[in-house]
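Subject: Structure handover and findings

Hello,

Here is the structure I said I would pass on. Please open it alongside this note.

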Amino acid sequence: MEKRYNSYTGYFKEKYGERLQKLVIDAGFTCPNRDGTVGTGGCSYCDNAAFHPGYSTSGKGILQQLDEGIAFHQVRYRRASHYLAYFQSYSNTYGPVERLREAYIEALSHPQVVGIVIGTRPDCIDEAKLDLLEELRDTPMPGKDEPFRTPVIQIEYGIESCYDSTLEHIGRGHGFECARRAVENTAARGFDVGAHFILGLPGETRQMLLEECPIINSLPLNSVKFHQLQLVKGTRMEKEAREHPERFLEWTLDEYLDLVVDILERLRPDLYIERVAGEVPPRFVESTRWGLIRNFQILHLLDERLESRDTRQGALLSPSIFV
Ligand code: SF4
């Protein structure tokens with residue numbers, strides 16, 4: 001079936017001629033929204049343990065996590081021979097530049113790792129950290145061949161919402177302009193920038209989610225990830241949802257697929273779509289409303305929905321805005 005959206009799966013193949021597998025690692029960074037610098041309670045939905053696989057825990061060294069990640073993925077995806085270290089847990093540019101340098105270089109020293117993907121908050125980047133990333137990106141790595149002589153470096157920002165009222169309500173500790181600045185400054189250095197958004201945050205309506213699309217289109221992003229809000233047990237947001245269910249949108253899987261299609265129709269066609277839904281292990285949530293459906297199954301249903309609605313990414317945008 002022809003892909004009716006710009007799938008991120010094809011991105012590395014197009015750019016480097018092969019599939020690159022991301023390996024999630026926890027390098028032991030923390031987050032300014034938890035350690036008291038910006039806040040102490042974290043974002044109201046946050047429980048990092050729910051969002052990373054078992055092989056990545058900060059008690060293990062970076063190289064050990066990478067080895068275990070490769071062993072884990074080789075059983076499932078035999079095709080990948082090169083990997084990206086994905087600094088996912090907490091805020092991975094939050095620390096002194098020398099500490100960041102050490103962690104990134106350690107990951108890049110793994111013989112099968114050809115790059116790093118750094119997940120972070122928009123308020124945890126500055127010129128000195130971008131200088132470091134540029135220096136790493138432009139420095140040939142010992143023992144690596146073309147096209148990976150110099151490392152692949154991508155930065156991924158948790159933006160979550162384009163609305164300041166939402167960001168304030170969920171206790172993010174930064175506003176949307178901060179996210180815009182971070183994305184623009186990072187893209188201006190020539191990096192591929194990704195962003196993460198949550199669909200269904202309290203107080204947001206379906207219309208608001210659709211109205212975010214032109215704002216997302218206006219950011220110099222290379223890729224986006226969308227996750228449906230998942231209420232992780234024990235978080236402040238889970239409590240809020242119990243006390244104020246009226247603040248939360250709930251979708252059946254069918255309704256959610258239509259929402260994603262409506263969003264895709266409004267996104268510029270060159271934006272890579274890396275994810276449209278999230279998976280949290282069932283033990284972290286009270287209920288799995290859509291059953292135990294896996295991401296690849298949701299993507300399959302999305303393909304079918306795009307086909308049955310005979311539409312595609314960017315369908316509602318005028319072609320003239322891309323020239
Ligand atoms: S920025 Fe990330 S790690 Fe920090 S509190 Fe929010 S969700 Fe948790």
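Is Leu 267 buried or exposed? Leu 267 is buried, because its relative accessible area is 0% and the cut-off for buried is under 20%. Please bear in mind that this is a predicted model.

**Leu 267 and the cores**

Leu 267 sits in the loop between H9 and strand E7 (272–275). Setting aside residues up to four places away in sequence, Leu 267 touches Cys 213, Ile 216, Asn 217, Val 224, Phe 226, Ile 273, Gln 313, Gly 314 and Leu 317. Thr 252 is 15 residues from Leu 267 in sequence. In space, the two C-alpha atoms are 23 Å apart.

Leu 267 also matters for the count of core contacts. The largest nonpolar core holds 76 residues. Phe 87, Tyr 104 and Leu 267 have the most contacts inside it. Helix H9 (residues 253–266) gives the most to this core, namely 8 residues. There is a second, separate core of 13 residues. Tyr 8, Tyr 86, Val 117 and Val 152 are included in that second core.

**The cavity**

How many cavities of 30 Å³ or more does a search of the whole structure find? The search finds 1. The volume of the largest cavity is about 60 Å³. Its lining consists of Tyr 8, Val 117, Gln 154, Ile 155, Glu 156, Asp 192, Val 193, Gly 194, Asn 222, Ser 223 and Glu 274. By type, the lining has 4 nonpolar, 4 polar and 3 charged residues.

Helix H3 (97–108) and helix H4 (127–137) each provide at least two lining residues. H3 has the largest share, with 3 residues. The lining of this pocket divides into 7 nonpolar, 2 polar and 3 charged residues.

**Arg 4**

Arg 4 is in the segment before helix H1 (9–16). Arg 4 counts as buried, because its relative accessibility is 11% and buried means under 20%. Which side chains does the side chain of Arg 4 meet in polar contacts? One is that of Glu 307, at 3.1 Å. Another is that of Asp 310, at 3.2 Å. Leaving out neighbours within four places in sequence, Arg 4 is in contact with Leu 306, Glu 307, Asp 310, Thr 311, Arg 312 and Gln 313. Gln 313 is also on the contact list of Leu 267.

**Ser 218**

Ser 218 belongs to helix H7 (residues 206–218). Ser 218 is partly exposed, because its relative accessible area is 41%, between the 20% and 50% limits. A polar atom of the Ser 218 side chain lies 2.6 Å from the backbone oxygen of Ile 215. Ser 218 and Trp 251 are 33 residues apart in sequence. Their C-alpha atoms are 27 Å apart in space.

**Backbone points to check**

- Glu 146 and Pro 147 are joined by a cis peptide bond, with omega of about 0°. Pro 147 is in the loop between H4 and E4.
- Tyr 90 is not a glycine, yet its phi is positive, at about 60°. Tyr 90 is in the loop between strand E2 (82–87) and H3. Tyr 90 is partly exposed, with a relative accessible area of 29%.
- Glu 160 is not a glycine either, and its phi is positive, at about 70°. Glu 160 is in strand E4. Glu 160 is buried, with a relative accessible area of 6%.

Best wishes

Notes: Residues are numbered from 1 along each chain as its sequence is written. This is a predicted model: local features need pLDDT of at least 70, side-chain atom pairs count only at pLDDT 80 or more; totals for chains, interfaces and linings use all residues. Side-chain values use heavy atoms; hydrogens and water are left out. Helices (H or I, at least four residues) and strands (E, at least two) are DSSP runs, numbered from the N terminus. Buried means under 20% relative accessible area, exposed over 50%, partly exposed in between (1.4 Å probe, protein chains only). A polar contact is a pair of N or O atoms within 3.5 Å; within protein, one must be able to donate a hydrogen and the other to accept it, and residues adjacent in sequence count only if both atoms are side-chain atoms. Ala, Val, Leu, Ile, Met, Phe, Trp, Tyr, Cys and Pro count as nonpolar, Asp, Glu, Lys and Arg as charged, and the others, Gly among them, as polar. A nonpolar core is a set of buried Ala, Val, Leu, Ile, Met, Phe, Trp, Tyr and Cys residues joined through side-chain atoms within 4.5 Å. Contact means heavy atoms within 4.5 Å. On a 1 Å grid over the protein atoms alone, a cavity is a set of points where a 1.4 Å probe fits but cannot get out, and a pocket is an open set with protein on both sides within 12 Å along at least five of seven lines; lining residues have an atom within 4 Å of a point. Grid points are joined across faces, edges and corners, and a volume is the space filled by probe spheres set on the points.
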